[in-house]
Amino acid sequence: MNSTNPKIYESTTSRKVAFLGLGVMGFPMAGHLALAGHRVTVYNRSAGKRDDWAKEFKGAAAATPREAAADCDLVFCCVGNDDDLRSVVLGADGAFAGMKKGAVLVDHTTASANVARELSAEALKHGLQFVDAPVSGGQAGAQNGLLTVMCGGDAAAFEAAKPLGMAFSRAFTLLGASGAGQLAKMVNQIAIAGLVQGLAEAIAFGQKAGLDMEQVLHVIGKGAAQSWQMDNRGKTMIADKFEFGFAVDWMRKDLGLVLDEAKCNGARLPVTALVDQFYADVQSLGGERWDTSSLIKRLT
């Protein structure tokens, strides 16, 4: 698969933008912005990645987040965690130091709701806006420009970002004030964790019972048991293949955020906590980079 698969883009005015973080998600997301006609400058800690991106998309590469963000209308970001996010946004070389008044930083990192609120408050001190906008859809969604984006922040800032964000999205939705996007992503991960464990147990049970599980999934996939996970990961789980996107290490990071938030708000998440430990078992099997459907490895 190419790093970025072009699609039909909505017509928007060409804008000067920056993208910070060129991992498996950020590289194609920035690519879609360039393919949609925007003038994109990228920053990545690894100089090789940013130079590769600039060569592929005929864009510009910057040595610091501040340099990348200079004179941009919008700055997009997708890095690893809270600390990575602070490192590219704050400080003398951070994006906030280079952004012009009124500009918007849209953060696609899956991070804590607290850091979203912290950076939103800091943005206002600089005359800027901050939108927390974690994504769902995995590497394939980023490459195909079909991500689902869950946003929190000011409505005007969201409206400024949405036309550009649709270059790599199929849904770009404001769900509330700062932090709401991150909280919605946590809801998403809670739902996925339980679904994948249920599917893993179902397949493992069927295999122990001697059933043709491809045939069984074909049948039950037409009824109430149907899910995206069953449709897209059922056959690969049966085939013992786990190289399809979102890694166990990343899922454990996300579930850690979920469980920390639950301690604060009092939510009871017994299944999520258990599945998080099951993913720890997968890590101990050497499956840190296997995709999340690898939960079945514990059962076979």
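The following legends describe close-up views of a predicted model. In this predicted model, local features require pLDDT of at least 70 and side-chain atom pairs count only at pLDDT 80 or more, whereas totals for chains, interfaces and linings use all residues. Residues are numbered from 1 along each chain as its sequence is written, and side-chain values use heavy atoms, with hydrogens and water left out.

View 1. Helices (H or I, at least four residues) and strands (E, at least two) are DSSP runs, numbered from the N terminus. The C-alpha trace spans about 65 × 40 × 35 Å along its principal axes. Of the 300 residues, 49% count as buried, where buried means under 20% relative accessible area, exposed over 50%, and partly exposed in between (1.4 Å probe, protein chains only).

**View 2. Six strands form an open sheet with parallel pairing.** The strand order is E3-E2-E1-E4-E5-E6, and the edge strands E3 (60–61) and E6 (129–132) each pair on one side only. Two strands pair if DSSP finds at least two bridges between them. E2 and E3 are joined in the parallel sense by two bridges, and Thr41 has Ala60 in E3 as its bridge partner.

**View 3. Helix H1 (26–35) lies across E1, E2 and E4.** H1 runs at about 170° to E1; axes are lines fitted to C-alpha atoms, for helices over the stretch in contact (heavy atoms within 4.5 Å), and angles run from 0 to 180 degrees between N-to-C directions. Nine of the 10 residues of H1 are buried, among them Phe27, Met29, His32 and Leu33. Just after H1, Gly37 adopts a positive phi of about 105°.

**View 4. The largest nonpolar core contains 35 residues.** A nonpolar core is a set of buried Ala, Val, Leu, Ile, Met, Phe, Trp, Tyr and Cys residues joined through side-chain atoms within 4.5 Å. Phe19, Leu33, Trp53, Phe76 and Val106 touch the most other members. Among the elements that give two or more residues to this core are strand E1 (16–20), helix H2 (47–57) and helix H8 (155–165), while H1 gives the most, with five residues. Apart from this core lies another, of 24 residues, including Leu20, Tyr43, Ala103 and Leu105. Not counting residues up to four places away in sequence, Trp53 touches residues including Leu22, Phe27, Ala30, Val40 and Val42.

**View 5. Three strands form an open sheet with mixed pairing.** The order is E7-E8-E9, with E7 (135–136) and E9 (169–174) as the edge strands. E8 and E9 run parallel and are joined by five bridges; Leu147 stands opposite Ser169 in E9. Helix H8 lies across E8 and E9, at about 180° to E9, whereas helix H9 (residues 180–208) lies across E7 and E8, at about 130° to E8.

**View 6. Lys222 is placed in the loop between helix H10 (213–220) and helix H11 (228–238).** Lys222 counts as exposed because its relative accessibility is 64%. Between Lys222 and Val89, the C-alpha to C-alpha distance is 47 Å, and the two residues are 133 residues apart in sequence.
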